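Here's a quick briefing on how the pieces of this structure touch one another. Have a look at the model first, then read on.

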4 protein chains.
Amino acid sequence: MINVCITGGTGYTAGELLRILLRHPAVNIESVVSATSAGMSVAEMHRDLLGETDLVFSDRFCRPDVIFLCLGHGLSRAFLEENDIPEHCRIIDLGNDFRNDPLFGERAFVFGLCELNRELIRKAENVANPGCFATTIMLALLPLAAKNLLTDEIHVHAITGSTGAGKKPGETTHFSYRDNNISVYKPFTHQHLTEIGNTLVSAGNKELPQINFVPMRGDFTRGIFASVYTKWNEAISETEAIELYKSFYAPSPFVFVSDKPVNMKEVVNTNKGLLHIEFHNGYIHITSIIDNLVKGASGQAVQNMNLMFGLEESTGLRLKGSAF
Amino acid sequence: MINVCITGGTGYTAGELLRILLRHPAVNIESVVSATSAGMSVAEMHRDLLGETDLVFSDRFCRPDVIFLCLGHGLSRAFLEENDIPEHCRIIDLGNDFRNDPLFGERAFVFGLCELNRELIRKAENVANPGCFATTIMLALLPLAAKNLLTDEIHVHAITGSTGAGKKPGETTHFSYRDNNISVYKPFTHQHLTEIGNTLVSAGNKELPQINFVPMRGDFTRGIFASVYTKWNEAISETEAIELYKSFYAPSPFVFVSDKPVNMKEVVNTNKGLLHIEFHNGYIHITSIIDNLVKGASGQAVQNMNLMFGLEESTGLRLKGSAF
Amino acid sequence: MINVCITGGTGYTAGELLRILLRHPAVNIESVVSATSAGMSVAEMHRDLLGETDLVFSDRFCRPDVIFLCLGHGLSRAFLEENDIPEHCRIIDLGNDFRNDPLFGERAFVFGLCELNRELIRKAENVANPGCFATTIMLALLPLAAKNLLTDEIHVHAITGSTGAGKKPGETTHFSYRDNNISVYKPFTHQHLTEIGNTLVSAGNKELPQINFVPMRGDFTRGIFASVYTKWNEAISETEAIELYKSFYAPSPFVFVSDKPVNMKEVVNTNKGLLHIEFHNGYIHITSIIDNLVKGASGQAVQNMNLMFGLEESTGLRLKGSAF
Amino acid sequence: MINVCITGGTGYTAGELLRILLRHPAVNIESVVSATSAGMSVAEMHRDLLGETDLVFSDRFCRPDVIFLCLGHGLSRAFLEENDIPEHCRIIDLGNDFRNDPLFGERAFVFGLCELNRELIRKAENVANPGCFATTIMLALLPLAAKNLLTDEIHVHAITGSTGAGKKPGETTHFSYRDNNISVYKPFTHQHLTEIGNTLVSAGNKELPQINFVPMRGDFTRGIFASVYTKWNEAISETEAIELYKSFYAPSPFVFVSDKPVNMKEVVNTNKGLLHIEFHNGYIHITSIIDNLVKGASGQAVQNMNLMFGLEESTGLRLKGSAF
């Protein structure tokens, strides 16, 4: 059994990790660390876990084989500075601290996009889990990047559910504001652009393409829907392009190309990514969908853990979708 | 023109008052007072008013003919103590300070349920505007109370939209929590029970009936849906009962009895109240719907103002419903 | 492995059965029968199953060990008349055909409320799966019925998600109507009242209590929230009552009593039922929540199958909740 | 008073017209024609109108001054062929029959985008009311087109509420499908592209620019949110561009440029259009919002009527927004 510690245990991604790991056949959750709620029952905070666990938040970890950092962006580095992590202990960071800046002392973080870095992750001691928007968009573009086919600007609109904004209530996650509403935020400047660009180059695209990315706030809780298009240079045929996508993702247990248009709820509450591809106006148009809390965060983190510990990649992750 | 001052100008009920009063043919908004936002443009706070007003929040009022108190429950009394209100100036309180305790020095507050106290309100200097749940439930019961027909316990479930909880974000108004969710709060103990009971007696019911009231949080923004039933003692026939309701509300421009079942969106964004009545299992069952921000708060406050100033009751209140 | 046939394969409960059974460790789905879609890929209909199954709808079954009837209310009896079901083959009916009228030729149907009839179900050849509203309400009342403590009328309001109305679009499931809306239907006359009443008596309540049940349509897709109360006769103390509930459900892997108020999303996408109990105004007030498609339909059907085939009751049913 | 006839009276746009015109100070609704519901009370169909009108659907019109055609796309032409419209009677078509093909016998239809064709509409006998997506997108681009500044491709994503799909229930407007969901339809091929392109040229853009338009289905009922960008050629400065927008829309009572980002609910239930402009990556980015049923259909139709009959453009259209 893999002994797991989860830090930042009261947040949304920690809650989702718990939901997954409590059902994982090869995991023992040894500690759920919370600076603010030590001593409290885990199921009292994550109320849906009532009847599923007797875990209690603690203020320290013991001897975990892996620590999941669910601390919020920019807090992972400080945590590692303040805590003495045993050398053998692996780290999976769900924050953005090590995605673009992968070194911390002796520790080097592999970018944990399983569909790209599967072999590197198998050998990794430390993994930086990708961002949710970044995952959705990279899945839409990886096969083209791998063939150096991204030669023009990329146009992206992507809509996210409210859980991506975390647990702390605020103006734009207030129900009276968000319900039946749509808005744009950080247009063309979202912080995930860096990891997307770096990844496309690392996948094989020689030039870093310009990405015009308009993120939107959707009035739903789970899921990201991305609509992506870029000039289609006809280096390969349309049929070959779709074949390229299918063969690229053939080894991946969670990413599929749909022959029909996709709607977001086809993946909600699962670790899947679905893609649909069409050609119009001289563009290739890709729609890409994931659940931001699962494939976009905690599910992908467990997928990384599975790879790092030599387990079958999908162990504990074949989740029943909610569909509706 | 009636010179109006609105206090507590940044909140939801003040915003809704502004939406209504900016279109009211007999009103001049002389000041919108806010302790925290003086100097700020009103349309910058209530963003939907862009292009509709140049008003700026101020920290004082001048010489209004009427002040609307939109301060939050329990704060109206303190406001009146700290501010010198001109003697001639009328007051309409949207808080709960004077509903059950109607005296403040020389000022006496009339309970502003227009359908019951129309004549009293016409002569009133001060009005305590009813609560939103209370309005919905009282409209369902007034005709029976007026005939002393409430002789048994009353059973009420009522579901409210999120705007009833106000502007300040919190756990149960967080979109990630509230969306697609239902919950109960303050079962059998909601603070509106007092004003409901008092009103039924003041309407003519000799005994104060026991009211079993389960309030629920709905996953919508506007509206209250109440399902109310009580033993049907057959003092009058079913047909007579429905006729009683229709004749009781005949003088009211906003309350109607529907022969068909009602759904909540039939009244959203209007000042209307709709009722539907059926008889089952020896009970009379009444469903009652209003928009909590309009008939349940700011619309009813304007209806009261119209009566107090000798205007036609519906002036400025024949609002287009949103229907969807 | 249990060889399973699902009939009525294109509907919502069949889809949910597929989601569950495709992950069930002891099940082989041998056929998914559809009169209208034979030859079509199952994942083309239930789009979220893309990448999870290669099943194709067929127009017949082979030699299943169990048939799940997902045909719609009133159609199961006709199906059994028209089809020759092998004698050894067990039947689990998700319709309402055999809940109150349990005989069909030689076959007798046990009412499949696991928390009440666990031992009978273990030996059953045929099971009538309870209705979704009925399940929610019965879970709220079973412990009291078992002690003959239901001595007065029962008051119930329960709100259901749209999936309870099935796949066929209609006026009250039209998004433009249903979104942000609430309405009542079949007040005091819902067809589940019969099975609720019968079950309470069969659980041990000597008299059939009157149940005043107001069903409501909620603007969410999954889940039922029931608010139930009845006079508290103080035959036992409040503490004893809560203890009674906890001990009654102690053998049940999916039903729990929460010490804190519950909200519906605590059980969505799981097979759980959660209860919360308070005492007010001389009443015991129980809130009860389930997912209508899982515990209220397909999950409970699998729970019944597990019992019928000697498996651990929760096999394949410890589903990750969606929580948000 | 203007005598008005509404045809296709049972649909969504007819209902919205009724909501507006029943409050219009210069209108008398003489007939609401419905082929299928003649004899039925209008308020029985459009339930929110209970208490607001005694109108009854009829199967013919009398002597209207103007007919609004709310028949569904492609049916207006047939209606005019089958019915003898008095020569003096004006026509406003809410369908798409005459937007791109403006002639019908002697009658010529002016494209009813008030912000562009105000003076033409004042003299028009017949008006083709613009489409809802088209209105949103044209408002975002008109000022640039008027200065011939659209010199490169235009990129548009726009999300629409469900009421845009009309009253007839279907798979993609089924609540169980649509709630908490997002999907794309007709990418790059939506039928409004023609009227958008024609209008931009007619506004003054010499070349017809390529428009890459991805329409999306949102999980809300009212509203369209469009995100539009095109290369910014710096022919004028950014400040000048914003000034250009403000001066272009200065004569328009309903279109405003917001200095802050907009969210869709700022215009829901109003006839307003709001725009917000930013510059990034060498692009000008415009967000544009309207209510699809009001400014995108029935409100704009009334705005056209006001202009055609010499009324103040905003008569009867200063509607209270719903804001939440």
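Two residues are in contact if their C-beta atoms, placed from the backbone, lie within 7 Å. Keep in mind that this is a predicted model, where local features need pLDDT of at least 70 and side-chain atom pairs count only at pLDDT 80 or more, while totals for chains, interfaces and linings use all residues. Residues are numbered from 1 along each chain as its sequence is written, and chains are lettered from A and ligands numbered from 1 in the order in which they are written.

**Chain C meets chain A**
- Chain C and chain A put 25 residues each into their contact.
- On chain C's side, helix H1 (12–21) and strand E13 (255–258) each give two or more residues; helices (H or I, at least four residues) and strands (E, at least two) are DSSP runs, numbered from the N terminus.
- The top giver there is H1(C), with three residues.
- That side of chain C has seven nonpolar, nine polar and nine charged residues (Ala, Val, Leu, Ile, Met, Phe, Trp, Tyr, Cys and Pro count as nonpolar, Asp, Glu, Lys and Arg as charged, and the others, Gly among them, as polar).

**Chain D meets chain A**
- Here the contact takes 32 residues from chain D and 32 residues from chain A.
- Chain D's side has twelve nonpolar, 17 polar and three charged residues.

**Inside chain A**
- Chain A splits into domain 1 (2–129 + 295–308) and domain 2 (132–292), with bounds from an automatic or database domain assignment.
- 15 residues of domain 1 of chain A touch 26 residues of domain 2 of chain A.
- H9(A) gives the most to domain 1's side, with six residues.
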